[in-house]
Structures are given as structure tokens and as C-alpha cells.
Amino acid sequence: MKLGAPVADAFSAHTPMMQQYLRLKAQHPDILLFYRMGDFYELFFEDAEKGSRLLDLTLTARGASAGQPVRMAGVPAHAVEQYLAKLVKLGESVAICEQVGDVATAKGPVERQVTRIVTPGTLTDSELLDEKSENILLALSAEKACIGLAWLSLASGELRVAEIAPEALENELRRIGPAEILVAEGEVPGYAVTKLPAWNFDYESAKKRLLEQLGAASLEGYGIEDLRPAIAACGALLDYARKTQGRALAHVTAVSAERAGQYLRMDAATRRNLEITETLRGEPAPTLFSLLDECATGMGSRLLRHWLHHPLRDRAPLTARHGAIEALDKAAAPMHAVLRRFADVERIGARIALRNARPRDLSGLRASLARLPDLLAAFPAEKAGLLATLASDLALPAQCLDLLSRAIAEDPSAMVRDGGVFAEGWSAELDELRTLQSNAGGFLIELEARERARTGIANLKVAYNHVHGYYIEVTNAQAAKVPEDYRRRQTLKNAERYITPELKAFEDKALSARDRALALERTLYDALLQQLQQHLPALQRVARALAQSDVLACLCATAARRGWCRPQFTADIALQIEAGRHPVVEARIEAESGRFVPNDVRLSPARQLLLITGPNMGGKSTYMRQVALIALLAHAGSYVPAKSARLGPIDQIFTRVGASDDLAGGRSTFMVEMTESANILHNATAHSLVLMDEVGRGTSTFDGLALAWAIARHLVEKSRPLTLFATHYFELTRLALEHRTVANIHLDAVEHKDTVVFLHAVEEGPASRSYGLQVAALAGVPKPVIRQAKMYLERLEQQSLRQGGQDDLFLKPAPAEPEPATDPLREAMQQLCPDELSPREALELLYRLKKV
């Protein structure tokens, strides 16, 4: 059956229940409808077919409606969250239809309504959310040569806007990481997209909706009044979020604009190459985030992820973070011990605002608020700067705690519908109904004793079950003694169950009390959530302070354990790092009982481009990435893995590292490489940090060498960013003879027998060779292939010597550099090393020789 938007007459041929379903489905034709029927959520017709395919459900056909079989599939209500989670991961949205009417009094189908819509970007249930990452809903609105962005985290209530050029969209989406994007038209590859009617993005209507949400008369106070496309996107986003939640967004009380220059910019390629939160293979570890994230709470983990993807350029907050890490010192461990016992206050506050918080959310919030004094006691005695601000924000919201302490039971049930949510004394009426229920046990014992005495049946039992209610059970052997006022209720194999007028009267009273108590608890719970609305600002303040305290304590512990230093900022263009390390690679090597070799870097306008040569696997890419990660960590407010670090102003980090194609986009590896290189050449400035690894290797030798030479010269002569330029084209090392701001460095290695030992130490000057054949041998290339390669290599080198090499293609004739004398270190190795010396022993010996 096709489900479009049928008119009312089209429903008349269907059964009453199907008419109800079809009317609800017509309101949500493009998404799945979970229709509540008893203990199941059912899917019908096309939804059933789609659901069975996506969720691996059994598809059945039961009965008929309008002469057609009703195809259906269902999921149990108690396990619905796991099915919703799977659908959301697949980019699907689901309308949840609940029974809202009373089954006992309903004439015809019980009344049902769509109470919420679950979409990828509007999740708030803890079962559906990743504890360590934000779930972002984003809207796009284009106007002329500008795109307006608005994005919202429903779980935190943070609403932000920005305006960008169209070509910057991919980079911004990678930075923000939305789970769902709202657009009027078009597609956004790689993201879950929901298309809305164009009128949702009307500027005047959107501005009105935004002002209503903020409770403001003007947007000037928020500094966004000039952002027309962003305001249009914001209005569409707020309207969509309200409709999916079925209520107002009480916790969204402000909007902030992100302006150009606020963050240290990184394009999509840089975020990918630096493996900040995702490896190049798309896995969550090992990454910078997975290494650093020892936060005690989900709030802290989410904020740490945000800091890493949004490194600041303003040095005042960075200095405040560095100062707080320094001041925490030994307080970090005690703070974390307390923080581990906190619930996710941020997300609980959002669920309170949306009126879908569960009883155990509130008991968890109560316990967390009660622990705030313990957390403050763990802070350092001397609190200044950022720590003083956090301590102030962590002040106990006493009225909120008092309300929760009086209202919620010590161990409430998981769901309101199960009862047992409220503490004794909160409601006199509820206490009376509970007393009536609790006295049932005493009454049944007393009735059982009386009936045994009256009937002479010693094994008579009075009991209760959910199906048949209260009953008196008599075995068949005692059936002759049953009095005339006993009325048969159920027949068993060896017994009969009866009810008496007295027991029936008690049953009506007791069961009525139970039903009335459950109904009353639902009413009281709605009222409690309403009372808690006034405490939302305090809860949001506490949640933000908890998250920051958690991240700072985490970064402090990491710095102390791993020997990181506080970075220093300078106004000069410079990047000077002493004994820097790659944090992720160092952790992996140490886990294998190895030792990471630290290295220095000196970049400045007088030493602006470092040409890095050395063998494959020598550590060039690791060296370059560690420099970028140290800069990133410093601008995220963290200590850095180095003995010392001094950084001048940095506006952007660019990377052209690694080799991969873009099959979906129809781009070859070389095309991807050139696209990324072009982006750097167009956008890098004198304040940028640029990493370029083996540019030109994806094409022929001469083409690649020519491109690498031209790109390096452009970086030196035009944009002049601080640059690390790794290459296997040894001809490029002569660029240092032409430009004084270019310096050669190399990663050292030593050949021992037929193998090579990588020293991973950075030395001044160009490398003498690449050791490509030795690396191939280490990789397991068959020995006959290696021998043939050596023969071809010798021929090529002889041919190159006869033709005079390639240097004259790039430089004016210059005196040939004399061949270096015999390397004393290598000579000493050959004299001192016996045949059985292992690579590790050779490495240690070389270090000793260098010290000598």
C-alpha cells in the first residue's frame, strides 16, 4: 500500500485502528512510524518492509484492512532504545507514537499521539548518545556568495552561528562534525541530510523565532544582527528541534557567533592527517584524543574533544588554562577521584528542560549536587584566575538539591510508570494510597487464618497474581469442604481458585489504590519537572564548571606523568621546540618497552623552511606531525610533550602528508596531493605552520621534482610560512644554496651489513642516501628482487653521473661539492662491531661514539 498524504475518504475502507495509524502516518510520510500496541512498537506496510530489512526483523502479514493484507513487523517496547540506536546510526529518523488514552474507557481504538521524533541530530536519551562526543544538529542557509551556519547541541543547549564562504564548507563541517544537516535543497555527501521547505529559512520568520527563543527584543546584544544567512539557518533549526521534541527548548537561552580568526584554522586534510580524534583508517584509537582522554566524566571528555578541534588564537584564555594546570599540581588526582562519582549533569539538565528526564536521572543529579562540597575541598588551597572562577561556579545550588532530596525516593524505579518514584512525605495523598497497598499483606494473612478456621482446610492459601488478581486456593482433595459463598475463579490441575465477596471488595479497593497511586505519581512527576525548570541556569553553570575542572585535572595528570612542559608564547614569528616528542607514537613505543628519540626544531623568518631528507621509516613524518601536534596542544590550553616550547603567533596549520585517493570523488592520489598543495599555496600566510611530505611523488620523477621545487620556492619567496618540507628528491637540498632562509636537516641512519638501523635523530645538513633497498629488504621483499634492484640502481647512478645529473635544471652552474671524507663514525662501527652485533646494540654504540 502506498502511503503518501491520503485524504480522509481514503481511510474509510480500513479498520478503525488502521484509520488511526494511516492518519498519523500521513503526518510523517518520510520517516518510520513506531506505533505502540501493548508491549510492542509495530511497523506497518512499507515501514514494515523497510524496518525488517534495516533491523533484521521478521516480516509477517496478519489479517486484512480495505481488502489488503496488513504487512507488519515489531520490536519489544522494553528494548526499543537499541533498535532506535541502530536506525539513527543508519541515518534514519523515527516518529514514536504512544498510547495516551485510557484503555479501560476507550470506545474503539485507544487514543495515540506522536510524542517525539528521533532523528540523528536531536538525540537526548543517554542510551542513544555517545558519552564522549557531542551530537550536533546543523542548518545551512545560502545567500549570494555566503553560507550561514547554525548548529545546536540539544544535550547541552549550546547554540552557535557563523557565516563562511562556500569553499570553506567542507572544512567547517569537519570541524563541527554534525550528526544531521538541515537544508532547503541539495545534498551534503557523507552526512545525514534532512530537507525542509524553503519557507523555513525565511529571514524575517527566522529572526522572530530566534528572538522568541531568547526572550529578547533585539539581537544586537548577541552580536549577530548582521548575520542574515546565519539567522535564517538558526530559525529553521530551532523550529525543527521544537517539533522533533514536541515542546519548547527551555535550556537554549543564548546564541553566540563564531568569527574568523577566533580559532587556529585547520582544514579537513589537516584534521585527518594529524589524527586528532580519528585515525587515518577511521578508527577512534590510537589518536591524540584517545591518549589524552582520561577524564572522569562524559562532560569532560566532550569538552576535551571540543578544545582539540577548536584551538584558540586568543592567548588570554590559553594562559589561564596553562596557569590552572600549573596550579592544580597534586590536586588533580583527588579531584578526579571525586569527579568519577558524578553523573552527567549537563545531559540530565537538558532532559529536564525537555521534560523527558527519568527518575534515576534525578536521583543521580541529587547525588552529584551533594558531592559538590567534596569537589571544592579537593581544589588547591590557593585558587586564583581560572580556578577561582570555577570554584565560584561550583557553588552548591542548595534550593535545587533540597527539592530533589525531599521529592525523590532513595532508590527510585527506572520508569515513572512503575511507581515508587517519590519519597515518603512528599505527597500526603500518595502516602495514603501506598498505605492502603502495603496493608494488603497483613489483610491477606489475617483473611487466610480466618478462612482456614472457618472451613477446616488447613492448607488453604490466599494469594495474588497479575492475571487473575486475588484468590483463595484449595486443593482438589479438600473440595468437599468449600463453602457456598466461594465463587470459582480459576481451575488448575490439582486445585481450584476461588474468590469471596469480602476478598472481591478488598481487591477492588486495593487495585484501585494502586492505579490511582500510579496516576498520581505521573502527575506529581510532571509537576516536579516543571519546578526544576527554574534551576536550569544553575545546573548549566555547574555542568560547565565540572567539565572544565575535569579537563584541566586530566591535562595536569597527563603532563605530570609524561613529563610535558608549559609552552611559552612570544610576539615574534618563531617556533622553537627543545626535545619535542610525538605524544601518540611515544606512548606506543613506551608500551613496547622502547624509547622515543626526542628532537629539536628551530623555525623563524631567518630559518623559515626546513628541507627534511632521510630514509623511509626514518621518522620524517613523525617529526613533522609532532611539531604540528605540539602547536595544536599549546593552543588548546594543554602542556606539550617537550623539554621547552616557544611559539609565536600561528593563524593556521596546513598539512600535505600521506598518500590516498578519493575514489568517490573520482580523484587520483596525485590529484588529491595537488589539491591539498594548491590550498596551502593560496591560503598560507607568514603566520601559518605548513607541513609538506614528499610532494610530487605521485607522478613521474621529472614532473614531481619540478613541482616540488616550484612549490618550495613559492613558500619561501611568496607566502613565507614556517615550513617543514620532507622530500626524497635530494636535488631539492641545493635550494639552501639559493635561499638563506632554507636549511637542510636529515633523519640519521646507520647501515650494518645488509640492513639499516634508524636512529630517528634529527641532524643538520642533507642526508647522504635514502636506504630504499634496505627498507625494502626489511619489508620482506624477496632477496632476488633486492639483488636485481641493486644492479639497476648502479646502472642508473652511473648513467646519471655520465649525464651530469639534474642539478643544472634548477641552479646556475656551481662548483661540485667534494665528496665527503670517510665517515669516522661509520669507520669506527666497521672496526669495532663484530658480525653478530644486533641493530639495537649498533644504535647504542653509535650514541656512545657521538658523545665521544
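## Strand E1 and its two partners

A residue counts as buried when its relative accessible area is under 20%. The model described here is predicted. By that cut-off, five of the six residues of strand E1 are buried, so E1 is largely enclosed by the rest of the structure.

Strand E1, which covers residues 32-37, pairs with strand E5 (residues 94-99) in the parallel sense through four bridges, and within this pairing Leu-33 has Ala-95 in E5 as its bridge partner. E1 also runs antiparallel to strand E2 (residues 40-44), to which three bridges join it, and here Met-37 stands opposite Phe-40 of E2. The hairpin formed by E1 and E2 has two residues between the strands, and in it Gly-38 takes a positive phi near 65°.

Side chains of opposite charge can pair when their charged atoms come close. Arg-36 and Glu-98 form a salt bridge in which the closest N and O atoms are 3.2 Å apart. Arg-36 lies in E1 and Glu-98 in E5, so that the pair links distant parts of the chain, 62 residues apart. Both Arg-36 and Glu-98 are buried.

## Strand E9 and its surroundings

Strand E9 (residues 158-164) has five buried residues out of seven, and is therefore largely enclosed by the rest of the structure. Seven bridges join E9 to strand E8 (residues 146-153) in an antiparallel arrangement, with Leu-149 standing opposite Ala-162 of E9. Four residues lie between the strands in the hairpin of E8 and E9, where Gly-157 takes a positive phi near 85°. E9 pairs as well with strand E12 (residues 256-257), in the parallel sense and over two bridges, and in E12 the bridge partner of Arg-160 is Ser-256.

Arg-160 also takes part in a salt bridge with Glu-158, the closest N and O atoms of the two being 3.4 Å apart. Arg-160 is buried because its relative accessible area is 17%, whereas Glu-158, at 36% relative accessibility, counts as partly exposed.

## Other charged residues

The structure holds 43 salt bridges. One of them joins Arg-656 to Glu-676, with the closest N and O atoms 2.8 Å apart. This pair links distant parts of the chain, since Arg-656 is in strand E23 (residues 652-656) and Glu-676 is in helix H23 (residues 669-683), 20 residues apart. Arg-656 is buried, with a relative accessible area of 2%, and Glu-676 counts as buried at 11% relative accessibility. Elsewhere, Glu-81, Arg-116, Asp-125, Glu-127 and Arg-358 are linked in a network of salt bridges.

Asp-239 has a relative accessibility of 14% and so counts as buried. When its neighbours within four places in sequence are left aside, Asp-239 is in contact with Asn-200 and Arg-209.

## Helices H18 and H19

Two packed helices are described by the angle between their axes and the distance between the axes. For helix H18 (residues 440-455) and helix H19 (residues 501-532), the axes come within 12 Å and cross at roughly 175°. Because angles over 145 degrees count as roughly antiparallel, H18 and H19 are roughly antiparallel to each other.

On the H18 side, the residues that meet H19 are Ala-440, Phe-443, Leu-444, Leu-447 and Arg-450, and they face Glu-502, Leu-503 and Phe-506 of H19. Sorted by class, this contact of H18 with H19 has six nonpolar residues, two charged residues and no polar ones.

## An open sheet of four strands

Four strands form an open sheet in the order E18-E22-E19-E20, and their pairing is mixed. Strand E18 (568-569) and strand E20 (599-603) stand at the edges with a single partner strand each, so one side of each is left without a neighbour in the sheet. E18 runs parallel to strand E22 (residues 644-647), to which two bridges join it, and Phe-569 stands opposite Leu-647 of E22.

Key:
Residues are numbered from 1 along each chain as its sequence is written. This is a predicted model: local features need pLDDT of at least 70, side-chain atom pairs count only at pLDDT 80 or more; totals for chains, interfaces and linings use all residues. Side-chain values use heavy atoms; hydrogens and water are left out. Buried means under 20% relative accessible area, exposed over 50%, partly exposed in between (1.4 Å probe, protein chains only). Two strands pair if DSSP finds at least two bridges between them. Contact means heavy atoms within 4.5 Å. Axes are lines fitted to C-alpha atoms, for helices over the stretch in contact, and angles run from 0 to 180 degrees between N-to-C directions. Angles under 35 degrees count as roughly parallel, over 145 as roughly antiparallel, 65 to 115 as roughly perpendicular and the rest as oblique. Ala, Val, Leu, Ile, Met, Phe, Trp, Tyr, Cys and Pro count as nonpolar, Asp, Glu, Lys and Arg as charged, and the others, Gly among them, as polar. A salt bridge is a side-chain nitrogen of Lys or Arg within 4 Å of a carboxyl oxygen of Asp or Glu.
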